[in-house]
Amino acid sequence: MRPQIVLFGDSITEQSFRLGGWGAALADSYSRKADVIVRGYGGYNTRWALFLLNHLFPLRCTMPPVAVTVFFGANDAALLGRTNEHQHVPIEEYTENLKNIVHHLKECSPTMLVVLITPPPVDEGGRMEYARSLYGEKATKLPERTNEMAGVYAKQCINVAKELGLPSIDLWSRMQETTGWQKKFLSDGLHLTAEGNAVVHGEVVRVFNEAWLSASEMPYDFPHHSEIDPEKPENAFQHQSS
């Protein structure tokens, strides 16, 4: 069987197999070498993600994923007293939740490559525009998220990765290196445009390559067509394991 790469996160992960999505691009990068599986849950924070662990990553699984991306924080960072306060998770709890997620994954498989991804930056103006497009005059006058608060959670995500010796992707910082990131990378002030998805895909591939999961160094699951003798095709499959 092909090895599995699981993308675990919130709506930014759930949407990653849409047209131009980073998950779809990753599946293409690992075509015929690994199966990329999306486990994204729109609106979820790390508190709710904990309830999914035993269902998605059972400890007695005989073939655990070789790699998992953990991409939470955008909802945890929702502000108290605003429209999405029910998603808010205090920074101290967010920290512990991330650690518990990692510990569970490592209990599934000590060799599993776990990559933590920070929440993206937030374009507060874009969030307000999006709210007005949905609710008109009834839209909230204050953004439910701020870039400053997203940065607090992003920093803590990086700190957890360093503490646990894991690779990480500082998406919050990486995107803001580009002038005009607000509209270039974000479709509604939070979720990703095609260009934003491309950034995530590029960063995930980079981290996988720097670890031990480079697609170019992985074998095909079955022989390349150029290796098949049309006169004796069975020869190409003699050493194929089930």
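The entries cover a helix pair first, then salt bridges.

**Ground rules.** I am working from a predicted model, where local features need pLDDT of at least 70, side-chain atom pairs count only at pLDDT 80 or more, and totals for chains, interfaces and linings use all residues. Residues are numbered from 1 along each chain as its sequence is written, and side-chain values use heavy atoms, with hydrogens and water left out.

**Helix pair.** I looked up helix 5 (residues 91-108) and helix 7 (residues 147-164), whose axes come within 10 Å and cross at roughly 40°. The axes are lines fitted to C-alpha atoms over the stretch in contact, with angles running from 0 to 180 degrees between N-to-C directions. Helices are DSSP runs of H or I, at least four residues, numbered from the N terminus. For the contact (heavy atoms within 4.5 Å), I noted that I91, Y94, T95, L98, K99, V102 and H103 in helix 5 meet V152, Y153, Q156, C157, V160, E163 and L164 in helix 7.

**Salt bridges.** I found nine in the structure, the criterion being a side-chain nitrogen of Lys or Arg within 4 Å of a carboxyl oxygen of Asp or Glu. R47 pairs with E93, their closest N and O atoms being 2.7 Å apart. This pair links helix 3 (residues 46-49) to helix 5 across 46 residues.

E163 and K99 form another salt bridge, at 3.1 Å between the closest N and O atoms. E163 lies in helix 7 and K99 in helix 5, so this pair ties together parts 64 residues apart in sequence.

Methods. Helix = DSSP H or I, 4+ residues; strand = E, 2+ residues; numbered from the N terminus.
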